[in-house]
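Student: I'd like to learn how to read aromatic rings in a protein model. Can we go through one together?

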Amino acid sequence: MSVKGPASYFPSIEQKYGRPIAEWQRLITDSPLTRHMELVAWLKTEYGLGHGHANALVAHTLATAGDER
């Protein structure tokens, strides 16, 4: 069974940017920003991520963080 949704981008993200997904998730959860599109814009500006990759990381991280955030 293949991975679907935001996580399907993870292999490409790790390969292109050279950081493990856990590191990106940590950056997102440690950020003082909380809104989805603010976080996407921040990743694009600060780390040079493409929109799709930033969006996938934020969507997955916020969905799995639940009440922890």
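Student: Okay, which residues do ring pairs link into a cluster?

Tutor: Keep in mind that this is a predicted model. Here the cluster is made of Tyr17, Trp24, Trp42 and Tyr47, joined by ring pairs.

Student: How many aromatic pairs are there?

Tutor: The general idea is that two rings pair if their centres lie within 6.5 Å. Going by that, you get 3 aromatic pairs. One of them is Trp24 with Tyr47, with centres 5.5 Å apart and 90° between the planes. Planes over 60 degrees apart count as edge-to-face, so that's the label for Trp24 and Tyr47.

Student: Where do Trp24 and Tyr47 sit in the chain?

Tutor: Trp24 belongs to helix 2 (residues 21-30) and Tyr47 to helix 3 (residues 36-47). They're 23 residues apart, so this pair links distant parts of the chain.

Student: What does Trp42 pair with?

Tutor: Trp42 pairs with Tyr47, again edge-to-face: 5.5 Å centre to centre, with 85° between the planes.

Student: Is Trp24 buried or exposed?

Tutor: Buried means under 20% relative accessible area. Trp24 has 1%, so it counts as buried. Tyr47, at 28%, counts as partly exposed, and Trp42 is partly exposed too, at 21%.

Student: Which charged end sits over the ring of Trp24?

Tutor: That's Arg19: its charged end lies over the Trp24 ring, 5.0 Å from the ring's centre.

Methods:
Residues are numbered from 1 along each chain as its sequence is written. This is a predicted model: local features need pLDDT of at least 70, side-chain atom pairs count only at pLDDT 80 or more; totals for chains, interfaces and linings use all residues. Side-chain values use heavy atoms; hydrogens and water are left out. Rings of Phe, Tyr and Trp (its six-membered ring) pair if their centres lie within 6.5 Å; planes under 30 degrees apart count as stacked, over 60 as edge-to-face and the rest as tilted. Helices (H or I, at least four residues) and strands (E, at least two) are DSSP runs, numbered from the N terminus. Buried means under 20% relative accessible area, exposed over 50%, partly exposed in between (1.4 Å probe, protein chains only). A charge sits over a ring if NZ of Lys or CZ of Arg is within 6 Å of the ring centre and within 35 degrees of the ring normal.
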